[in-house]
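I open this notebook to record what I looked up, residue by residue, in the structure shown below.

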Amino acid sequence: TPTEVYHRPATVFVANFIGQANLWPCRIGSLDGTRAQVSALSQTLPATHDIDGLTVGGDATLMVRPERIRVSADDPGTGAAVRVTITNLVFQGAVVRLAADAPDGSPVIAHVGGDVELPMLRPGDAVWVDWHPDAARVLPPASIPDNTLDLTD
């Protein structure tokens, strides 16, 4: 269904094609059933997966949709929170689009609803982001198509 494709894409292409997604390179630290621990954004984070062929120590992509990211001024104490630096804020009606940089320089996009109580934020401010482990999906590594031309003919 469209809902399954949106929340459980099988590839980076589909995740990007259907909606907006944070897509971060990661390394798989452990796999246990549908649960995984990955190294991304300069720390170890929990995630889910249902993709065949993933291996411990292998490269992958971690996907989290912007609306699933929680933003807080204080460390939420979840053990999987990442301290980020805000780079941009854009009011978009029902949400504020928050752009930030993680410690490793990876971009993080969050959609913050009006029900979230945060102090007046500005670019350069540090905040914490986290998400429920079920919101983070491990996908196969992103592949870059080879667009080079063969000029030997």
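I began with Leu41, which is buried at a relative accessible area of 2%, where buried means under 20%, exposed over 50% and partly exposed in between, taken with a 1.4 Å probe on protein chains only. The model is predicted, so that local features need pLDDT of at least 70 and side-chain atom pairs count only at pLDDT 80 or more, while totals for chains, interfaces and linings use all residues. Residues are numbered from 1 along each chain as its sequence is written, and side-chain values use heavy atoms, with hydrogens and water left out.

I noted that Leu41 sits in the loop between β2 (35–40) and β3 (43–48), strands being DSSP runs of E of at least two residues, numbered from the N terminus. Leu41 has a positive phi of about 55° without being a glycine. Ser42 lies in the loop between β2 and β3 and has a positive phi of about 70°, although Ser42 is not a glycine either. Is Ser42 buried or exposed? I found Ser42 exposed, at 53% relative accessibility.

I then turned to the nonpolar core, a set of buried Ala, Val, Leu, Ile, Met, Phe, Trp, Tyr and Cys residues joined through side-chain atoms within 4.5 Å. The largest one has 33 residues, of which Leu45, Leu62, Ile69 and Trp131 touch the most other members. Leaving aside neighbours within four places in sequence, Leu45 is in contact (heavy atoms within 4.5 Å) with residues including Val38, Leu62, Val82 and Trp131. A second, separate core of five residues includes Val12, Ala15, Ala21 and Leu139.

Terms used:
Helix = DSSP H or I, 4+ residues; strand = E, 2+ residues; numbered from the N terminus.
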